[in-house]
Amino acid sequence: MWSCKLCENETVYVTHLCDKCRRVKHLLNLYGDRVYDVLESVLVRSESGQTHKIKTELKVEKEKINIGEEETAADNKDSILTRSKSKYTVE
Ligand SMILES: [Zn+2]
């Protein structure tokens, strides 16, 4: 029995990480350095600032997706069969 190696708050028995920190580790495996970028760019501010930043970041992500979609549509302009009529949505 000892403390979680990451948060140092939770007690763990047979592992080094608690469930919440294991989830963080999983996200690090999936997204790599992007996790650090998001933590630094979104969480290092007041709570109201975080909400504003989250909305701003989501807006940027949506614009990137829309731009990518337009480029894809332009690439496929000669091929009607490969065109997608559905739009990506980001909640
Ligand atoms: Zn932990």
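Helix α1 has 13 residues, and from its first C-alpha to its last it reaches 18 Å. That is close to the 18 Å expected at 1.5 Å a residue, where the expected span is 1.5 Å times one less than the number of residues in the helix. Helices here are DSSP runs of H or I with at least four residues, strands are runs of E with at least two, and both are numbered from the N terminus. Just after α1, G32 takes a positive phi of about 60 degrees.

The model is predicted: local features need pLDDT of at least 70, side-chain atom pairs count only at pLDDT 80 or more, and totals for chains, interfaces and linings use all residues. Residues are numbered from 1 along each chain as its sequence is written. The predictor's confidence in each residue, pLDDT, runs from 0 to 100. The protein chain averages 83, and 81% of the residues score at least 70. Confidence is highest in helix α1 (residues 19-31), at a mean of 96, and lowest in helix α3 (residues 47-75), at 86. Where pLDDT is low, the predicted coordinates should not be read in detail.

The protein chain has three helices and two strands, and from the N terminus on the order is β-β-α-α-α. Of the contacts with a separation of 6 or more, 11% join residues 24 or more positions apart; a contact means that two C-beta atoms, placed from the backbone, lie within 7 Å. Buried residues make up 0% of the 91 residues in the protein chain. A residue is buried if 20 or more other C-beta atoms lie within 10 Å of its own, exposed if 12 or fewer, and partly exposed in between, again with C-beta atoms placed from the backbone.

E8 is found in the loop between β1 (2-3) and β2 (11-12). Its phi is near 60 degrees, a positive value in a residue other than glycine. Most residues other than glycine have a negative phi. E8 counts as exposed because it has 10 C-beta neighbours inside 10 Å. From E8 to C21, 13 residues apart in sequence, the C-alpha distance is 10.0 Å.

V14 is found in the loop between β2 and α1. With 5 other C-beta atoms within 10 Å, V14 is exposed. The C-alpha atoms of V14 and M1 are separated by 7.3 Å, and the two residues are 13 apart along the chain.

L43 belongs to helix α2 (residues 33-43). It has 12 other C-beta atoms within 10 Å and is therefore exposed. L43 and I54 are 11 residues apart in sequence, and their C-alpha atoms are 9.1 Å apart in space.
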